[in-house]
Amino acid sequence: MGSIEQTITLIRHGEAQHNVHPPETHDIPDPHLTPRGREQCERLRVELAAKDVLTQEFPELDFSRCAKDPIFPRKEGIYAADLSALQQRAQFARQILRERPERRIAVVCHGAFIRFLQGLDPTNYRTLTADQVFGNCEWRTYRFEADQLVEVEASRTAGDKVTVQEEWQHVQAPLLISMTRKTIYLIRHGEAEHNVNFPASHSIHDPHLTVKGREQCVQLQEKLRKEGYAFDLICVSVLRRALETLQIGLAEQLVPLEGKVNNVLVMPELQGITDAPCDTSVSLSELQREFPRLDFSRCATDQDWPTKVGKYNPQEFHLKARALAVRQFVAERQESHIAIVGHEGFIRFLLGIDTLDYTQLTPQHIFGNCEVRQFTFDSADPSLGAQVRHKVTLPDLPYDYNALEPSISGEIMKLHHTKHHQTYVTNYNAAEEKLAAAVKNSDLREQIALQAAIKFNGGGHLNHSIFWTNLAPKSQGGGEAPKGALATAINEQWGSLEAFKEKFNAALAGIQGSGWAWLGYNKQTKALEIVTTANQDPLIHLTPVLGIDAWEHAYYLQYKNAKAEYFKAIWDVINWKNVAERYAKAQ
């Protein structure tokens, strides 16, 4: 990277034939300037000469760079008309500019690509401000600050200004999605061999599902059947664990045709986000032998897919670009109900959670194995970034309602799960729909008014989703003492497991009204803490690893006002294995 101070002058071309009466004129191949465009160029020449912006003359143009680039005349590779390619091309161009030795550089190009160079979102024309639209032959000068272009000077006379509305009308659409409203179902694969005993197990090459993972897939199939899911299209990662999840968990969704599956796309773009062996696929021939009914033609035509180069580079920038390309691909599909079977890390990038820093994640960002979440793409705006709305669903319990007896009765569990938790789910989704409408209508008052309902019902859903997994019947290890790192941490901090329980129960007893007691992990101090939250407030400042519900609906039918007995009995069904797993992930 060059160390000299540079200025970059971005200049949009003069009006050309395709700028007149769009979109019909977009069919003109490589159009010339119009007479008006030539007049704009003359004004530009005079203004730049007066400003002495360009000091180097070009008696002849050098096309040697074009001659060395075999793909530039075609719309392939980095010249493809998709978001990921354009993002990569803009980043590449910025890098070239940074590395040039010249102090003053002019870039003459096109309005939309200028916005890519600026780091704006050129696909969302409805969010552009007037200052972000370049007129024909307009110039603006920038300097690099870190990796950002900061404007230092702009044209005042040469460019013919256009409004944002005019710019919108001049856009043809490979990047602006015209689509019907559709529902997207994101599904994480079942537990695989690399999910056990990590990080050592990450060295397993393209691991299979575990026995537990296959059981999760069977439960997934039952859930999809019971709740009436029906997918028009299923997009699945190329990695084994996702393909095996498809075959077991979505078996009833597959549409056969002449010995093949007709409604599934195997997409290498959906693979994991690291370059570890566990996120690296086996060969195409092995996949075709193991999954003969699936169509791998998309993999066969993708030269970069088996490697971790190009768009499969595990760096954050490339992951964002790959996620954008997948989102656009899905948005352009004609199907209304599309399932995506993939991996937790890449699912987060699909949702716009663009970070590899796991310390920034909240419980809502974590996808469980075989978890299904439902989202909506809306065509009200071409930008997909703000169009995704999370619709939560009631999770299945991993045990029968009466499995926790005598600690918690089957009657309480059934009411608690099917009535109370379901109410939080229903009310949260309703509040989210109202919030989406309020945002669309720029109704700030309504947006603020809805925050209490979102916090209460969203917190109720998050808290209970943790609570159910923190419990287990004795036949599945409920009540067995913690082991390993968790046991060590508890003993070091509280002296013994019994002393910890006493401290935790004291916190539960101290809750006035309704609320929760938590064992949470503090990422700053790297220590466990016992805290309480009121009502259904979720635990935000710590990572929750164990939560116990102190609301009356959790115990009153069985224990009446003797809630201390409930606090004592519940330890007999605490799933310390689940708590230990959460503790390990939190670290």
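**Helix packing and local features**

Helix α15 (residues 484-494) and helix α19 (residues 576-586) cross at roughly 85°, and their axes come within 8 Å. With that angle, α15 is roughly perpendicular to α19. This is a predicted model, and what follows should be read as such.

On the α15 side, the contact with α19 is made by A485, L486, A489 and I490. The α19 side supplies W576, V579, A580 and Y583. By class, the residues of this contact are 8 nonpolar, no polar and no charged.

Helix α15 also packs against helix α16 (residues 497-509), at an angle of about 70° and with the axes 8 Å apart. An angle of 65 to 115 degrees counts as roughly perpendicular, so α15 is roughly perpendicular to α16. From α15, the residues in this contact are I490, N491 and W494. From α16, they are L497, A499, F500 and K503. The classes here are 5 nonpolar, 1 polar and 1 charged. I490 is listed in the contact with α19 and again in the contact with α16.

A further helix pair is α6 (residues 211-226) and α7 (residues 240-249), which pack at an angle of about 50° with their axes 8 Å apart. That angle makes α6 oblique to α7. The crossing of these two helices is right-handed. Helix α6 contributes R214, C217, V218, L220, Q221 and L224 to the contact, while α7 contributes E244, T245, I248 and G249. The residues of the α6 and α7 contact divide into 5 nonpolar, 3 polar and 2 charged.

Two backbone features remain. Most residues other than glycine have a negative phi, and most peptide bonds are trans. The peptide bond that joins E405 and P406 is cis, with omega about 5°. P406 lies in the loop between β12 (389-391) and α12 (410-440). D30, a residue other than glycine, has a positive phi, near 40°. The place of D30 is in the loop between β1 (7-12) and α1 (35-51).

To return to the helices, the contact of α15 with α19 has 8 nonpolar residues and no polar or charged ones. The contact of α15 with α16 includes 1 polar and 1 charged residue, and the contact of α6 with α7 includes 3 polar and 2 charged.

Key. Residues numbered from 1 in each chain as written. Predicted model: local features only at pLDDT ≥ 70, side-chain atom pairs only at ≥ 80, totals over all residues. Heavy atoms only, no water. Axes fitted to C-alpha atoms, helices over the stretch in contact; angles between N-to-C directions. Helix = DSSP H or I, 4+ residues; strand = E, 2+ residues; numbered from the N terminus. Parallel < 35°, antiparallel > 145°, perpendicular 65-115°, else oblique. Left-handed = near helix turned anticlockwise from the far one by under 90°. Contact = heavy atoms within 4.5 Å. Nonpolar A, V, L, I, M, F, W, Y, C, P; charged D, E, K, R; others polar.
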